[in-house]
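The stops below go one at a time.

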Amino acid sequence: METMTVERVIDAPIEDVFGWLTTTTNYTASPLAVRCALTRGGREAPYGVGAVRTHLWLMGWFRERITRYEPPYATEYVVECSLPPSRHELGRMTFTETAGGTRVSWTTRAEVRVPFLGAFLTRALVRPVLLGTFRSILATADAALTRGAVRR
């Protein structure tokens, strides 16, 4: 199992950053996300606990279920099914107010499910591609939320 984390500070209010990043249909503004959909709404909010979302990224297809939703501070999910197949223990985004806006920390713990080679393939191939995809989505969120804002 490999733990992968990306962080970025976005110069926007925490509520706006949380809202943009938990509405995963926004991810298609990133060049690495092909299609994202909310296939079942959550109990308390569309992207809240129990929500199911699907993502088609350049690196694969994922069906995720939201397991924690605490606006505007945290959301967690688990990948229930994916192609290529993976084992997934954790997906988490946390949001913290900072002097420069909102710090986002996006962590996942997963491994590609291939006998004998899973750990190696995860480190060598999946890790750099997944981290690049997370960085691209965070950069896209930053651009969308700060467009026209005075950059410091």
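Is Arg63 buried, exposed or partly exposed? At 31% relative accessibility, Arg63 counts as partly exposed. The cut-offs: buried means under 20% relative accessible area, exposed over 50%, partly exposed in between (1.4 Å probe, protein chains only).

Before moving on, know the source. This is a predicted model: local features need pLDDT of at least 70, side-chain atom pairs count only at pLDDT 80 or more, and totals for chains, interfaces and linings use all residues. Residues are numbered from 1 along each chain as its sequence is written, and side-chain values use heavy atoms, with hydrogens and water left out.

**Stop 1: Arg63 and Glu80.** The side chains of Arg63 and Glu80 form a salt bridge, 3.5 Å from N to O. A salt bridge here is a side-chain nitrogen of Lys or Arg within 4 Å of a carboxyl oxygen of Asp or Glu. The pair links distant parts of the chain: Arg63 sits in strand 4, Glu80 in strand 5 (residues 74-83), 17 residues apart. Strands (E, at least two residues) and helices (H or I, at least four) are DSSP runs, numbered from the N terminus. Glu80 is partly exposed, at 38% relative accessible area. Next, select Arg68, Glu70, Glu76 and Arg92: salt bridges that share partners join them into one network.

**Stop 2: Arg53 and Glu64.** Where do the closest N and O atoms of this salt bridge lie, and how far apart? They are 2.6 Å apart, between Arg53 and Glu64. Arg53 is in strand 3 (residues 52-57) and Glu64 in strand 4 (residues 60-70), 11 residues apart. Both residues are buried.

**Stop 3: Arg127 and Glu2.** Select both. Their side chains meet in a salt bridge at 3.0 Å, N to O. Arg127 lies in helix 2 and Glu2 in strand 1 (residues 2-10), so the pair ties together parts that are 125 residues apart in sequence. Arg127 is partly exposed, with 28% relative accessible area. Glu2 is buried, at 16%. Across the whole structure, the search finds 11 salt bridges.

**Stop 4: a nonpolar patch.** Select Val114, Phe116, Leu117 and Phe120. They make a nonpolar surface patch of about 470 Å². Patches are made of residues with over 30% relative accessible area and no salt bridge; like charges are joined within 9 Å, nonpolar side chains (Val, Leu, Ile, Met, Phe, Trp, Tyr) within 5 Å. Areas come from the Shrake-Rupley method with a 1.4 Å probe; for residues, only the protein chains shown count as cover. Val114 lies in the loop between strand 7 (101-112) and helix 2 (118-146). Val114 is partly exposed, at 31% relative accessibility.
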